[in-house]
Amino acid sequence: MAAEKKKVLLGVTGGIAAYKACEIVRGLQKAEVDVRVVMTENATKFVGPLTFEALTGHAVGVDEFGYPGDAIPHIHLAQDCDLFLIAPCTMNCAAKLACGLADDLLTSAALATTAPLLVAPAANTQMYTSPASLNNMATLSLRGVELVEADEGYLACGVEGRGRMAEPQRIVERALALLGVRGDMSGVSLMITAGPTIEPIDPVRYITNFSSGKTGYSLARAAARRGADVTIVSGPVAVDPPEGVTVVSVRTAREMRDAAAEVFPACDLAIFAAAVADLRPEDESDRKLKKGLDDAALSTIRLAENPDILSELGHAKREHQVVVGFAAETHDVVDNARKKLIAKNADMIIANEVGPEKAFGTEGNEIYMITAAGEEHLPYMLKSELADIVLDRVLDLR
Ligand code: CTP
């Protein structure tokens, strides 16, 4: 018998981030969580209840006295959930929660619930950092309410500062952790190499490539959300690591090889998403190269080949291990990728075309998944969406 789904009651209050609550619903549903939504009257000015009704398949509560088929919805909704999440939570709502005010369906349910309360506040910077708001949030925190602190950034009101609601992914991850949801990858140990490597010429200069690390980090985020135990062996990147993931930071290909070789033996799956620099300057100068070099020095940086990490570990893999590589190609994408599948002893190669505006640094990608059994094409989509499909296929290889 399938395990009963966890239930989240999502409270949406009246801030511009209300539209991001739709993404939170989707993120929770992907983890098999059943979501019901209650909204304040003001929230309905940003997103219509119909949107949430369509997304969740449940009636949306706004009016305490108008919930279909239930005379006391604030009690029933509050009791019938494993977690009450309020996102976004305006400073007005935070103040009401801190005081125990219950003047609408959402705040009445918040007062009535015995489930853990998770709050993602959002507001204009002045409102967010006003002593009253900070005091209210401190009160909530002392009372055991979990807060997902707002991010800094450009706000809808045109100023820059703290107050932008945390990214939906981060909120979903916190919610799932509080729910103790075990995903379909729980018990799976996964290593991912990600980002570029940098190969020093001298103490201030290096050779590298355009990799942003987004592909590897999206895979790590999705796998962690699905319960995997994830280690990223990462070159220098500017993306934030997902919650609950171990990051081993390296700079050069040789450092990445050493770190990956240490993590690899204990993992079930390994995905090599790093754009490893194939070549490095043979001699790294220990002093900064100064202007005025002679002609010979100007015309030569001698290069040496770096270890091929995927190939080394692909050939070392044991029976139960699944190894997945990428192929960055400018032409003959599938043919070249198939050659890499064989040469590197991988179980799957994910091939993509690279070039200006393609693959490196972008938010999305179009890929081919190549295995001994055949190939599958996935059209352009966000890297976060690709990640779940790739993981589904990788799990099928076990
Ligand atoms: N890779 C690796 N170590 C290297 C080079 C590549 O682990 N020194 C891995 C990458 O992480 C990727 C796969 O091998 O999973 C293919 O990388 P790619 O750059 O497409 O191919 P290369 O093997 O470098 O071959 P070429 O540059 O000739 O296309």
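Predicted model: local features only at pLDDT ≥ 70, side-chain atom pairs only at ≥ 80, totals over all residues.
Reader: Which helix gives the largest share of the lining of the largest cavity?
Author: The largest cavity has a volume of about 100 Å³, and its lining includes Thr215, Phe326, Asn365 and Lys383. Helix H9 (214-225), strand E18 (364-371) and helix H14 (383-396) each give two or more residues to that lining. The largest share, 4 residues, comes from H14.

Reader: And by class, how many charged residues are in that lining?
Author: Leu219, Ile350 and Val390 are among the residues that line the largest cavity. By class, the lining splits into 7 nonpolar and 3 polar residues, and the charged count is 1.

Reader: What about the second largest cavity: how many charged residues line it?
Author: This one has a volume of about 40 Å³. Lys7, Asp34, Arg36 and Asp80 are among its lining residues, along with others including Val8 and Leu77. Elements E1 and E2 each give two or more residues, with the largest share, 3 residues, coming from E1. The lining divides into 4 nonpolar, no polar and, for charged, 4.

Reader: Moving to the cores, which residues touch the most other members of the largest nonpolar core?
Author: In soluble globular proteins, nonpolar side chains tend to be buried together. Here the largest nonpolar core has 35 residues, and strand E1 (7-12), helix H1 (20-30) and helix H2 (49-56) are among the elements that give it two or more. A second, separate core of 32 residues includes Leu219 and Met369. In the largest core, those touching the most other members are Leu10, Val12, Leu28, Val37, Phe52, Leu85 and Ile171.

Reader: Why do the buried residues of H2 line one face of the helix, and within what arc do they fall?
Author: The buried residues of H2 are Phe52, Leu55 and Thr56. An α-helix has 3.6 residues a turn, so residues three or four places apart point the same way. Seen down the axis of H2, the buried residues line one face because they fall within an arc of 85 degrees.

Reader: Which residues are exposed on the other side of H2?
Author: The cover over the buried residues of H2 includes E1, H1 and E2. Phe52, for one, touches residues including Val12, Cys22 and Val37. Across on the other side of H2, the exposed residues are Leu50 and Ala54.

Conventions
Residues numbered from 1 in each chain as written. Heavy atoms only, no water. Core = buried A, V, L, I, M, F, W, Y, C linked by side-chain atoms within 4.5 Å. Buried < 20%, exposed > 50% of the residue type's maximum accessible area, 1.4 Å probe, protein only. Contact = heavy atoms within 4.5 Å. 1 Å grid on protein atoms, 1.4 Å probe; cavity = no way out; pocket = protein on both sides within 12 Å on 5 of 7 lines; lining within 4 Å. Points joined across faces, edges and corners; volume = space filled by probe spheres on them. Nonpolar A, V, L, I, M, F, W, Y, C, P; charged D, E, K, R; others polar. Arc of directions from axis to C-beta.
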